[in-house]
2 protein chains.
Amino acid sequence: MTDQARVSHVGAGEDAAGTFQRMLAIAARLFWAKGYAATTTREIARLVGLQKGSLYHHIEGKEELLYRLCIDALERVQEAAEQSVHQGTDATDRLRRLIHHHVTSMLADRDKHATMLIELRSLTGERRSEVIRLRDRYEALVGEVIAEGQREGIFRADIEPRYLTLSLLNLLNWTIFWFDPERPLSPEALSQILSTVYIEGVSSLAGRADGWRQDRTKRAPG
Amino acid sequence: MTDQARVSHVGAGEDAAGTFQRMLAIAARLFWAKGYAATTTREIARLVGLQKGSLYHHIEGKEELLYRLCIDALERVQEAAEQSVHQGTDATDRLRRLIHHHVTSMLADRDKHATMLIELRSLTGERRSEVIRLRDRYEALVGEVIAEGQREGIFRADIEPRYLTLSLLNLLNWTIFWFDPERPLSPEALSQILSTVYIEGVSSLAGRADGWRQDRTKRAPG
DNA sequence: GTCTATAGTGGGATAGAC
DNA sequence: GTCTATCCCACTATAGAC
């Protein structure tokens, strides 16, 4: 309240964008913690420091908050990924960079990114279609790095690129459910672990030396 | 309705358990599709074929549905995993069996399992604690298979077992977000792909042959 | 740009007849 | 075990003053 009073005499209307961004951040936190439907506009207003009614000066409705934070999250990760793809020397290097940027970008913007991934189902109509479109575009970029690596002979070709890509997204995305910034594992360290597991697998070197090719044939469980 | 009439003269009250199970299955489908908070008891009642009020003969409240289907999902996957762990010949074999059972059990019971994973946040109090306890117990079992493999020298020891375990759960669990029973990829085929990626990694054999050890040191992206 | 007040809807759950 | 009827509450969103 006092903050708003202070800012308001700097210039009328200048704080609108800032207020909106704060609303987005707070909405993301609540949507992620309790779910979109279970989060009330009352609580968002309280945490932003406004009365319920005042929210509607900045937004059309609750769903716009969800929509805008999904767009924010996807634009950020898309930008990060595009950088990384244009830098690497070979497919493995590009993939490591991509994983690094995906993980750090996702965790730097954790609430928005998690909400985007989980609460897509709560969006409706054109807003929903657009978020899906952006998400698919991102996943296609990841798929390109994988497919390129296969063409270069650097990634295994005995699994369809589609499934190698989905495996990678599995490995990266579920992290949002357990990553805890309070624990002593940095996003950078985590991205190294995930890169290593994805690229090399978990078998020990000894295990790879003998019987490597033979083992490939007996993968099915009883 | 006709079903209920038919069953009801077999023995009064015998259909109660059956009705409850149908309620669970329908609730799971709706909770997964739209979220727990966004699903109304009215809609559950409509799909079950009862009036709203009649639901409360079988349940205390909406949250009980969520709680019971979480328990169902976790008990099923726990049972499947325990079987697989007692069968394998070595750690790799046990892990392949575990992955197979995790994936097939999860996808056979997709709505319940997905809801359990996503909507835990909507449970409160003791119910929530108990589901968390069961989930942690399951994850500990997975962790044991990994740690055992490390002690046997079959899995790599340069990554803490905790993170190898979380990597595996990442790789398996995110599948619920995209697996589509309509597509021509069976849960069995998927579990083979995920096993292979996790155990062997995505590098081609050529990539492993030369410079294998050296590559290990330069994992960090720019 | 924020306030107070309130409209209007739909939610979960209960009571009591059959 | 299911029905009808209803209570009570909390929600999103709007209206209009300042």
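Q: Which residues does B:Tyr198 touch, leaving out residues up to four places away in sequence?
A: In this predicted model, B:Tyr198 touches A:Val197, A:Gly201 and A:Val202 of chain A, and B:Leu95, B:Ile146, B:Leu164, B:Thr165, B:Ser167, B:Leu168 and B:Leu171 of chain B. Contact here means heavy atoms within 4.5 Å.

Q: What makes B:Tyr198 stand out in the largest nonpolar core?
A: That core has 135 residues, and B:Tyr198 is among the four that touch the most other members, with A:Leu95, A:Tyr198 and B:Leu95.

Q: Which residues make the contact of α2(B) with α6(B), and how do they divide by class?
A: From α2(B) come B:Gln21, B:Leu24, B:Ala28, B:Arg29, B:Phe31 and B:Trp32, and from α6(B) come B:Arg110, B:Asp111, B:Lys112, B:Ala114, B:Thr115 and B:Ile118. Six are nonpolar, two polar and four charged.

Q: Why is α7(B) called oblique to α8(B)?
A: The axes of α7 (residues 125-151) and α8 (residues 161-173) of chain B come within 9 Å and cross at roughly 125°. Roughly perpendicular ends at 115 and roughly antiparallel needs over 145. The angle lies between these limits, so α7(B) is oblique to α8(B). This crossing is right-handed.

Q: What meets what where α7(B) passes α8(B)?
A: B:Glu139, B:Val142, B:Gly143, B:Ile146 and B:Gln150 in α7(B) meet B:Pro161, B:Leu164, B:Thr165, B:Leu168 and B:Leu169 in α8(B). The contact has six nonpolar, three polar and one charged residues.

Q: What makes helix α6 of chain A mostly covered?
A: Buried means under 20% relative accessible area, and seven of the nine residues of α6(A) are buried. They are A:Lys112, A:His113, A:Ala114, A:Thr115, A:Met116, A:Leu117 and A:Ile118. What covers them includes α2, α4, α5, α7 and α8 of chain A, together with α6 of chain B.

Q: Which residues of α3(B) are buried, and what follows the helix?
A: B:Thr41, B:Glu43, B:Ile44, B:Ala45 and B:Val48 are buried. B:Gly49 follows α3(B), with a positive phi near 95°.

Note on methods
Residues numbered from 1 in each chain as written. Chains lettered and ligands numbered in written order. Predicted model: local features only at pLDDT ≥ 70, side-chain atom pairs only at ≥ 80, totals over all residues. Heavy atoms only, no water. Helix = DSSP H or I, 4+ residues; strand = E, 2+ residues; numbered from the N terminus. Nonpolar A, V, L, I, M, F, W, Y, C, P; charged D, E, K, R; others polar. Core = buried A, V, L, I, M, F, W, Y, C linked by side-chain atoms within 4.5 Å. Buried < 20%, exposed > 50% of the residue type's maximum accessible area, 1.4 Å probe, protein only. Axes fitted to C-alpha atoms, helices over the stretch in contact; angles between N-to-C directions. Parallel < 35°, antiparallel > 145°, perpendicular 65-115°, else oblique. Left-handed = near helix turned anticlockwise from the far one by under 90°.
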